[in-house]
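Please look over the sequence and the structure shown here before reading on. The report is meant for a reader who meets them for the first time.

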Amino acid sequence: MELLHADRDDHALRTAALLRRSHPADKELQLAGLLHDIGRMLRPGDGARHAVLAAEAVRPLLGDRVARLVRLQAAPAAASGGADRADEDAEAEAEAVATLRQAREAAGASGPDAGVLEDWRPLLELVAARSCRAGDASGPLGSPRGPITDVR
């Protein structure tokens, strides 16, 4: 949260808010939108690797799926697939990456109020707790039961 608070640009917050509105059930996708740019803050000036740095930073806390979405959103479109995963899983991931890219681009324009960063703390904690419980038992999308789709 401290790293996110240090970013004075609301772009990531707007990206996450757009994803919350368009894909309310996909909490991991929303967090990927919120965190997609943290690599720029981790190592300023290393623009070519910012998505990889961000993915490496979020994987231990938020799991493989969030990390993959963060990494792939900056990759060329052809690199989004996963040859070692079932076609259906690769298709779902490619669709999520495309959605994240669209939200990232749409967030570049000023839009509706994106809220405040603290609104995202409960979701970050939920996904982190689930990721910790899942441990090494991750499925093809980063969690044993697929993407996190509800908050209870």
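## Confidence of the model

This is a predicted model, and the mean pLDDT of the chain is 81, with 78% of its residues reaching 70 or more. Over residues 78–82, however, the pLDDT is below 50, and this stretch has six contacts in the model beyond near neighbours in sequence. The pLDDT also stays under 50 over residues 136–146, a stretch for which the model has 21 contacts beyond four places in sequence.

## Glutamate 28 and arginine 65

The structure holds six salt bridges. In one of them glutamate 28 is paired with arginine 65, the closest N and O atoms being 3.1 Å apart. This pair links distant parts of the chain, since glutamate 28 lies in helix H3 and arginine 65 in helix H6 (residues 64–72), 37 residues apart.

Helix H3 covers residues 27–35. Glutamate 28 counts as buried because its relative accessible area is 3%, a value under 20%. Arginine 65 is likewise buried, at 6% relative accessibility.

## Other salt bridges

Arginine 68 and glutamate 93 meet through their side chains in a salt bridge of 2.4 Å, N to O. Here too the pair links distant parts of the chain, with arginine 68 in helix H6 and glutamate 93 in helix H7 (residues 87–106), 25 residues apart. Both arginine 68 and glutamate 93 are buried. Elsewhere, salt bridges that share partners join Asp26, Glu28 and Arg65 into one network.

Aspartate 64 forms a salt bridge with arginine 59, the closest N and O atoms being 3.0 Å apart. Aspartate 64 is partly exposed, at 28% relative accessibility, and arginine 59 is partly exposed at 32%.

Conventions:
Residues numbered from 1 in each chain as written. Predicted model: local features only at pLDDT ≥ 70, side-chain atom pairs only at ≥ 80, totals over all residues. Heavy atoms only, no water. pLDDT = per-residue confidence, 0-100. Contact = heavy atoms within 4.5 Å. Helix = DSSP H or I, 4+ residues; strand = E, 2+ residues; numbered from the N terminus. Salt bridge = Lys/Arg side-chain N within 4 Å of Asp/Glu carboxyl O. Buried < 20%, exposed > 50% of the residue type's maximum accessible area, 1.4 Å probe, protein only.
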